[in-house]
Amino acid sequence: MAMASPFKCDAGISRYLQLKAPHVEGFELVNDENETPRDLLAKAKVLVIGAGGLGCEILKNLAMSGFNDIHVIDMDTIDLSNLNRQFLFRKDDVGKPKAEVAAAFIKRRSPHVSITPHFKRIQEMSEEFYLDFTIIICGLDSIEARRWINALICGLVEEHGFKGFKPIIDGGTEGLRGNARVILPSVNACLDCGLDLYSKKATYPICTIANTPRLPEHCIEWASVLEWPRLFPDKKLDGDDPDHINWVVEKASARAATFNIPGINYSLAQGVVKNIIPAIASTNAIVAAACTNEALKVVTTCNPYLDNYMFYSGLDGVYMFSFPYARNPDCLVCGKREGSLSLPATATLDELITALKESPVFQLKAPTISHGETNLYFQNPKALEALTRPNLVKSIGDLFESGSTLTVTDPTLTTSLSVSVDFS
């Protein structure tokens with residue numbers, strides 16, 4: 001028996017999906033001619049992930065576009081620095097959960113809309129929670145979180161057939177640039193297929209930081225990466241703690257004065273420590289509008305939806321470009337979930353872990369590695385981490401043979417990977 005789903009589309013899109021995804025079981029896409037786009041909007045249940053600069057815009061747009069059943073999930077609380085672009089919040093809201101305040105604001109302005117907040121991490125929610133939605137819209141500023149939800153939703157299709165088919169509208173901004181994409185799990189390119197599109201965190205050589213700083217960022221990195229652990233080995237630097245950031249500013253300013261480097265201030269220091277991506281309200285508005293338009297089109301089929309990637313740039317005038325991003329057959333999520341590395345046999349296990357983090361193919365965050373029944377290194381729990389930590393300094397040639405296949409798990413993914421390692 002075909003699995004039921006609130007997702008509706010016309011006969012043309014039905015044929016397209018059945019052609020592109022014949023492996024997805026339970027296709028029963030109904031075209032009820034008596035149902036108007038307004039009816040489909042009323043039935044749609046939308047999950048918005050993230051209630052920050054992009055999420056606030058998306059929530060407002062959805063409520064004004066006719067969506068009646070909206071859920072929003074966000075694990076953060078409101079900070080004073082959010083108020084210049086996250087317009088659903090006020091000064092009195094500082095310290096309160098973003099999801100709850102945003103939902104209350106939308107409800108006051110649009111009483112007809114049912115909006116439910118979830119002050120939680122996305123990883124805390126069950127599969128049943130995500131299966132209950134028609135469509136998911138991501139307004140996240142974390143690549144790790146975006147990869148996790150992408151992997152989860154792609155996995156739902158494999159496990160539950162069409163019941164698990166949840167279109168994802170993903171938006172992202174960085175300064176005057178932004179993008180929106182429509183991800184149809186198992187049909188077109190998922191987020192991991194285009195992992196190389198996303199810029200990495202800026203890093204600075206330790207030798208430059210320690211010996212010859214030339215930029216204010218070098219001095220801030222020196223204070224936060226070198227001096228803080230030396231003076232406070234048992235305390236983690238908190239980028240949201242004003243006392244911690246003021247300490248970084250003081251130490252970095254003193255070092256900058258020695259090298260005649262200007263430009264140290266609180267905002268820059270916090271941006272470097274937290275790796276804050278510059279946010280501009282107008283870019284958020286443009287990308288959020290694109291995401292909402294695509295959600296409207298996917299749910300109602302009132303117009304063809306984006307196929308499947310849109311890029312916006314306001315750096316030199318205004319430039320917008322859309323193109324179909326092809327699926328990657330080697331994708332770690334919707335492809336074969338395997339990859340390979342080539343390292344010298346003398347490389348340590350710690351260097352292998354670093355390679356998995358820095359590789360443009362893997363870009364893992366905190367890999368846990370095993371070989372057959374042998375646990376080579378576990379990130380957690382603490383007892384297993386302590387037990388496997390001595391392996392970090394051992395050469396990989398002493399731990400396994402060339403051509404061995406390792407099982408790797410990571411917080412950014414919901415499934416394990418098979419990684420073949422050859423000794424170069």
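Predicted model: local features only at pLDDT ≥ 70, side-chain atom pairs only at ≥ 80, totals over all residues.
1. Residues are numbered from 1 along each chain as its sequence is written, and side-chain values use heavy atoms, without hydrogens and water.

2. How big is the second largest pocket? Its volume, the space filled by probe spheres set on grid points joined across faces, edges and corners, is about 210 Å³. Of its 18 lining residues, Asn328, Asp330, Leu332, Pro360 and Val361 are the closest to the centre. On a 1 Å grid over the protein atoms alone, a pocket is an open set of points where a 1.4 Å probe fits, with protein on both sides within 12 Å along at least five of seven lines; lining residues have an atom within 4 Å of a point.

3. The lining of this pocket divides into 8 nonpolar, 5 polar and 5 charged residues. Here Ala, Val, Leu, Ile, Met, Phe, Trp, Tyr, Cys and Pro count as nonpolar, Asp, Glu, Lys and Arg as charged, and the others, Gly among them, as polar.

4. Now for some backbone details. Most residues other than glycine have a negative phi, and most peptide bonds are trans. Ser186 is not a glycine, yet has a positive phi of about 75°. A cis peptide bond joins Asp307 and Asn308, with omega about -10°. Another cis peptide bond, with omega about 5°, links Asn380 and Pro381.
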